[in-house]
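Okay, thanks for coming, everyone. I'll keep this short and talk about charges and overall shape. Here's the thing on screen.

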Amino acid sequence: MFSKKKQSKFLRKNRNRIISHLRVFCEKKDPEELHKIRVEIKKLKAFIYFLKRHSANKYFPDALELVQHVFKHAGLIRSAQVNLDLAEQFHLKNRIFREVQLKIIE
């Protein structure tokens, strides 16, 4: 088991990376930043799952729910961005589809 100091360091670094990617995404709307946020959240989920399996602390299920909420929303936005990119790549001109995807991103 990792020491509490190493656990705290990992969580702090992970949080800072998520916040950093989120700031860049908000400024530039870069889909790659959303992907990076989701990767960091996956790491965090795995870490929380590991701690949950090796700890008697009941705090972890609540933390996992909060992380999952952010992960799902980021996934919806990322999917909408990919859909728009593919529609543009294949020259699809469905106005309603485009409006729905833009609304999801918004």
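Let's start with Glu-99, which is partly exposed at a relative accessible area of 40%. Its partner is Arg-95, and the two side chains meet in a salt bridge, 2.7 Å from N to O. Arg-95 is exposed, at 56%. Both sit in helix H4, residues 95–105, four residues apart, so about one turn of the helix. Keep in mind that this is a predicted model.

Now for helix H2. Lys-43 and Glu-40 both lie there, three residues apart, and their side chains form a salt bridge at 3.3 Å, N to O. Here Glu-40 is buried, with a relative accessible area of 6%, while Lys-43 counts as partly exposed at 38%.

Glu-33 is buried at 9%, and Lys-36 is partly exposed at 32%. In total, the count is four salt bridges.

Okay, zooming out. The chain has four helices and zero strands. Its radius of gyration is 17 Å, well over the 13 Å that the globule rule gives for 106 residues, so the chain is more spread out than a compact globule. The C-alpha box is roughly 55 × 25 × 20 Å along the principal axes, and 25% of the residues count as buried.

Last one, on charge: there are 25 positive and 11 negative charges, with mean positions 11 Å apart.

Methods. Residues are numbered from 1 along each chain as its sequence is written. This is a predicted model: local features need pLDDT of at least 70, side-chain atom pairs count only at pLDDT 80 or more; totals for chains, interfaces and linings use all residues. Side-chain values use heavy atoms; hydrogens and water are left out. Helices (H or I, at least four residues) and strands (E, at least two) are DSSP runs, numbered from the N terminus. The radius of gyration is taken over C-alpha atoms; the globule rule is 2.2 Å times the number of residues to the power 0.38. Buried means under 20% relative accessible area, exposed over 50%, partly exposed in between (1.4 Å probe, protein chains only). Lys and Arg count as positive and Asp and Glu as negative; His and the chain ends are not counted. The place of a charge is taken as NZ of Lys, CZ of Arg, CG of Asp or CD of Glu.
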